[in-house]
Amino acid sequence: MADRAERFVVSGRVQGVWYRAWTVENARALGLRGWVRNRADGTVEALVVGDPAAVEELARRCHAGPPKARVTAVARTPATDDGSAGFTQAQST
């Protein structure tokens, strides 16, 4: 099956609570590629690329997040694979 690429925008108390590092850890464990970054509006954005079942699993996990996070929404939209190698924290916007 072909890889799926999606952009996640996570809302709630998601900055300053280890959300990006947690996302990197979980995405790598699922074999996904892409990046995660803080956005100026207080959300966290991620580009997630990989096996569709792994993308779904990360989306499920993102709704909970790390212990100190309080996620209110995970908006998902189709995206284009940017060729990322591995999964990293990207520069904040």
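A residue is called exposed when its relative accessible area is over 50% and buried when that area is under 20%, with partly exposed residues in between. In this predicted model, R60 has a relative accessible area of 53% and is therefore exposed. R60 forms a salt bridge with E57, in which the closest N and O atoms are 2.5 Å apart; the two residues stand three apart in helix α2, a separation of about one helical turn. E57, at 22% relative accessibility, counts as partly exposed.

The protein chain that carries this pair has two helices and five strands, which follow one another along the sequence in the pattern β-α-β-β-α-β-β. Its radius of gyration is 12 Å, close to the 12 Å that the globule rule gives for 93 residues, so the chain is as compact as a globular protein of that length. Buried residues make up 42% of the 93 residues, and among contacts between residues at least 6 apart in sequence, 79% join residues at least 24 apart.

Eleven salt bridges are found in the whole structure, and a network of them links R4, E6, E56 and R76. The salt bridge between E6 and R4 has its closest N and O atoms 3.3 Å apart, and here E6 is buried at 10% relative accessibility, whereas R4 is partly exposed at 29%.

Definitions and conventions:
Residues are numbered from 1 along each chain as its sequence is written. This is a predicted model: local features need pLDDT of at least 70, side-chain atom pairs count only at pLDDT 80 or more; totals for chains, interfaces and linings use all residues. Side-chain values use heavy atoms; hydrogens and water are left out. Helices (H or I, at least four residues) and strands (E, at least two) are DSSP runs, numbered from the N terminus. The radius of gyration is taken over C-alpha atoms; the globule rule is 2.2 Å times the number of residues to the power 0.38. Buried means under 20% relative accessible area, exposed over 50%, partly exposed in between (1.4 Å probe, protein chains only). Contact means heavy atoms within 4.5 Å. A salt bridge is a side-chain nitrogen of Lys or Arg within 4 Å of a carboxyl oxygen of Asp or Glu.
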